[in-house]
Each structure stands twice: as C-alpha cells, then as structure tokens.
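Visitor: I'm new to this one. Can you show it to me and take my questions as they come?

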Amino acid sequence: MFGLTAAAPPVFVCTFVALLVSLFLNIWLLINNFKFALNDLDAGPATAATNDGLIKRSELPQGWWTDSMLFQAERRAIFSKTWICVSHRSRFVKPGDYVSHEIAGFRFFLILGKDNTVRAFHNVCRHRAFPVTEKASGSSTILGCKYHGWCYNTQGQLTKAPHFDDVSGFDRSQNSLFEIHTKVNEYGFLQINLDGSKEAGESQLPDTKKIGKPAGINYGSQFLHSWELKGNFNWKLTVNDEYQNGNKTSKAASGAFRVFHTQDLTPADQLYFFPLTTVYTKSGSTLWYQLTYSPDSPQQTNVRCDVYSARKSDAAVFEGTIKDNLEAEIKAKIQKYEATYGTLTSSNCNPSDSSYDQARIADAVTAHLEQEKIEGREIKPATVQQCRSEAFTKAEKLCQALECTSDTLAW
Ligand code: FES
C-alpha cells in the first residue's frame with residue numbers, strides 16, 4: 001500500500017506530460033497540414049510540372065462526382081479563393097464594354113473603364129441585390145439597375161439613386177458595387193479572385209501551364225465569337241484532362257484539336273489555367289480560342305467558348321466551315337465528358353488516372369473543412385457585406401411606400 005502510494009505521483013505526471021505532448025503534436029500537425037495544402041493550391045502548375053502532372057490518388061472522397069455538400073465546400077475552398085481565368089483583355093475595346101459571367105453561383109461582370117482598366121464587380125445591385133447587368137455582354141458607360149433605377153459608372157461608383165438621393169445623410173460613395181480583385185497576365189488573360197481580403201488581391205497569379213508552343217495570342221487580338229453550352233457532367237472531369245490530352249502526340253488526337261484545319265490531326269498548342277480554363281492555338285493559324293468550364297452544380301457544367309483572331313481580316317474566314325467545325329467538336333467533347341460521367345456515377349468508381357490536380361482539389365477542400373471545424377463556422381471568403389446606414393433605412397422605407405402605390409413595378 002505504502003509502495004503504491006509512493007509510486008503513484010510519477011505515473012500520473014508521466015501520463016499527463018505524454019498527453020500534453022501528444023496534444024501539442026496533433027495541433028502542430030493540423031496547422032502544418034493546412035499550410036501545406038494551401039501552399040500546394042497556390043503553387044499551381046510549377047509544382048504540378050515537377051511531378052509531371054500525374055501523381056496518383058487512388059481514393060478520392062466519397063461522392064467526389066455527385067455530392068452537393070462537397071460542391072458547396074468546393075465553392076468555399078476553391079472558387080472563392082483561387083485566381084480564375086475568365087476572359088481576355090482584347091475582348092474589351094471601348095470604355096463600357098462589359099461581359100457577364102457566373103461561376104459556381106457567383107455572378108459577376110467585367111467592364112472596361114474610361115481609364116482603360118478592366119475591372120470585375122459582383123453582379124449585385126447595392127440596393128436590393130438584383131443583377132445590374134442581365135445581358136451576357138454589351139457596352140454602356142452607365143449601368144442602370146432596371147428594378148429601381150440605381151445607376152453605376154464603369155468604376156462601380158453609384159451615380160444615381162432615385163428616392164435615396166433626396167434623403168439627408170445618404171452617402172452614394174458607401175454604396176458602390178462590390179469590386180473583385182482582377183489581374184491581367186503577360187498574355188493578356190484576365191483573372192479574378194473572389195476572395196475579398198487584401199492579401200488575396202496582393203497574391204501573385206500562378207504560372208500558366210504551357211503545352212507545346214502556344215503562339216499568336218496578344219493584347220491586340222480581335223474577339224470574333226462566343227457561345228455557351230450546358231453539359232451534364234461534373235466540372236472536375238475537365239481538370240487535367242486537357243493537359244493529358246495535350247501531351248499526347250498521337251495522330252489519333254481528336255476533338256477540339258482538329259478544328260483549325262480539318263485534315264490536320266496534330267494536337268493544338270495550349271495554355272492551361274487551373275482550375276477552369278484552357279486556351280488552344282495552332283502554329284500557322286491566326287485563330288485561337290478559350291474554353292472555360294463553369295460549374296453550375298455537381299452534375300452540370302456550363303462550357304463557354306470565346307474565339308479570337310490575331311488579324312481583323314479573319315472575321316469572315318471564321319464564319320462558315322471553321323465555326324461549324326468548332327461548334328461540332330465542342331459538342332462532341334461535351335458528349336464525351338457526359339459519357340464518362342455516366343460511367344463514373346453508375347459504377348461509383350474513380351477514374352484510374354486520377355491526377356495530381358484532382359488530389360490538389362481534394363487536399364484544398366479537406367484543409368478548408370478542417371479550418372472551418374477549428375473555427376466552428378463556415379468560412380466564405382467571397383461573401384460581401386451590405387452595410388445599411390440610418391439614411392439608407394429611411395430612404396428604403398420611402399422607396400417601399402412608393403412601390404406599394406405604383407402600378408408599374410419592374411418585376
Ligand atoms: S435592386 Fe437595383 S435599384 Fe433596386
């Protein structure tokens with residue numbers, strides 16, 4: 001009894017110390033895993049290149065292709081804080097030229113300002129969050145929200161707010177559109193980052209992955225044509241697929257690679273922007289085009305094709321056979337993805353060549369979810385905050401009262 005009592009304190013102390021060490025070790029590992037995963041995501045193509053883009057990941061998480069909770073996590077972990085290539089500078093010629101897009105439910109538009117700068121804004125009116133632009137593209141130096149007439153200039157500043165302008169204390173400058181970080185790379189490609197933090201805006205664009213020798217892309221290209229199609233497949237199927245296909249030099253290369261000359265079966269040269277965009281060029285051709293895959297849901301992806309030319313005279317050349325071929329080949333590409341998606345979802349398996357980029361996505365989502373667990377809340381980097389002043393509330397009451405007596409509501 002005496003012996004037991006004398007030995008007991010060191011045992012408890014040792015157990016306590018061991019528990020403490022184990023706790024600190026776990027916390028350290030958790031923090032560092034998170035850091036590594038984020039670095040991995042930011043590292044982009046440079047890291048992918050060192051691994052030849054082919055790191056295997058045999059087991060992707062359950063519901064990788066179909067789960068809507070996972071899709072919501074991807075919205076927060078990938079699309080809300082990654083640089084995404086969405087357009088090209090030469091698409092915007094005169095002040096007021098704008099293009100609207102939607103990626104994973106985030107609506108935004110890009111517009112050329114009078115200062116020759118392209119800016120991106122959330123397509124959300126500061127009054128009651130209706131879309132400011134409803135057309136896919138257009139040109140106007142003043143954008144008027146059709147619902148109650150608020151107007152914004154090309155720099156997103158509120159220039160007119162009916163009913164509100166007369167209310168003392170209402171400050172237009174506090175009600176500009178929400179701007180999105182936008183950068184243009186050396187080839188003229190416009191990339192946005194929906195993460196509203198200052199650090200995100202200061203972060204560097206990832207390197208662009210080159211396949212072959214893409215050429216002929218410059219700031220002075222001419223925009224020729226754009227169209228969109230929907231495909232019933234998960235957006236992640238396209239990630240790395242373009243890269244792998246582009247690396248094949250087989251004469252059997254098919255699909256979009258053939259479009260420039262129907263008899264020429266050699267693969268096109270490419271620029272790949274993780275996670276959604278690939279640009280195709282071809283030696284000897286002045287045409288080039290950009291494919292952007294925008295996820296709508298786990299089961300549906302919007303495919304946008306923007307075609308450009310290095311020469312103005314090519315506009316007529318593109319119409320006709322080349323345009324028809326390109327449309328047909330992109331349709332065929334989508335059908336191929338749909339067939340693969342059907343096989344994957346019916347057999348509940350992962351593709352045998354699960355790539356490094358699939359692993360990057362999985363790691364980034366896992367790290368984001370772990371951080372959310374630590375903070376006990378969902379982390380939504382793209383969320384914007386509407387602040388309502390007293391003057392706003394007062395004017396809004398007036399606006400609502402006028403609506404009630406009006407016969408001509410906008411909606
Ligand atoms: S929602 Fe745009 S003016 Fe009211």
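Visitor: Is R76 buried or exposed?
Guide: R76 counts as buried, because its relative accessibility is 10%. Buried means under 20% relative accessible area, exposed means over 50%, and partly exposed is in between, with a 1.4 Å probe and protein chains only.

Visitor: Where does R76 lie?
Guide: R76 lies in helix α3, residues 68-79. Helices (H or I, at least four residues) and strands (E, at least two) are DSSP runs, numbered from the N terminus.

Visitor: And which residues is R76 in contact with?
Guide: Leaving aside neighbours within four places in sequence, R76 is in contact with K81, H368, L369, E372, E378, I379, K380 and P381. Contact means heavy atoms within 4.5 Å.

Visitor: What kind of model is this?
Guide: This is a predicted model, in which local features need pLDDT of at least 70, side-chain atom pairs count only at pLDDT 80 or more, and totals for chains, interfaces and linings use all residues. Residues are numbered from 1 along each chain as its sequence is written, and side-chain values use heavy atoms, with hydrogens and water left out.

Visitor: What is the mean pLDDT of the protein chain?
Guide: The mean is 80, and 74% of the residues reach 70 or more. pLDDT is the predictor's confidence in each residue, from 0 to 100.

Visitor: Where is the pLDDT below 50?
Guide: Residues 246-258 are one such stretch, with 29 contacts in the model beyond near neighbours in sequence. Residues 404-411 also stay under 50, and there the model has 7 contacts beyond four places in sequence.

Visitor: How many helices and strands are there in the chain?
Guide: The protein chain has 9 helices and 16 strands. Of its 411 residues, 48% are buried.

Visitor: On to the core. Which residues touch the most other members of the largest nonpolar core?
Guide: F79 and I192 do, in a core of 57 residues. A nonpolar core is a set of buried Ala, Val, Leu, Ile, Met, Phe, Trp, Tyr and Cys residues joined through side-chain atoms within 4.5 Å.

Visitor: Which helix gives this core its largest share?
Guide: Helix α7, residues 321-347, with 7 residues.

Visitor: Why does this core lie between domain 1 and domain 2?
Guide: Domain 1 (81-206 + 375-403) and domain 2 (210-348) both give residues to the core, so the core lies between them. The domain bounds come from an automatic or database domain assignment.

Visitor: Back to F79. What does F79 touch?
Guide: Not counting residues up to four places away in sequence, F79 touches E74, I84, I103, A104, F106, L194, W235, P275, L276 and P295.

Visitor: Now sheets. What is the order of the strands in the open sheet of 6?
Guide: The order is β11-β13-β14-β15-β16-β12, with antiparallel pairing. Two strands pair if DSSP finds at least two bridges between them. The edge strands are β11 (209-211) and β12 (222-231), each pairing on one side only.

Visitor: By what angle are neighbouring strands of this sheet turned?
Guide: By 15° on average, direction ignored. Axes are lines fitted to C-alpha atoms, for helices over the stretch in contact, and angles run from 0 to 180 degrees between N-to-C directions.

Visitor: Which strands does α7 touch as it packs on the sheet?
Guide: α7 touches β12, β14 (277-281), β15 and β16, and its direction makes about 30° with that of β12.

Visitor: Over how many bridges do β15 and β16 pair?
Guide: β15 (residues 287-295) and β16 (residues 301-309) pair over 9 bridges, in the antiparallel sense. Y289 stands opposite V307 in β16.

Visitor: One last thing. Which residue takes a positive phi in the hairpin of β9 and β10?
Guide: G188 does, with a phi near 95°, in a hairpin with 4 residues between the strands. β9 and β10 (residues 189-193) pair in the antiparallel sense over 4 bridges, and the bridge partner of K183 in β10 is Q191.
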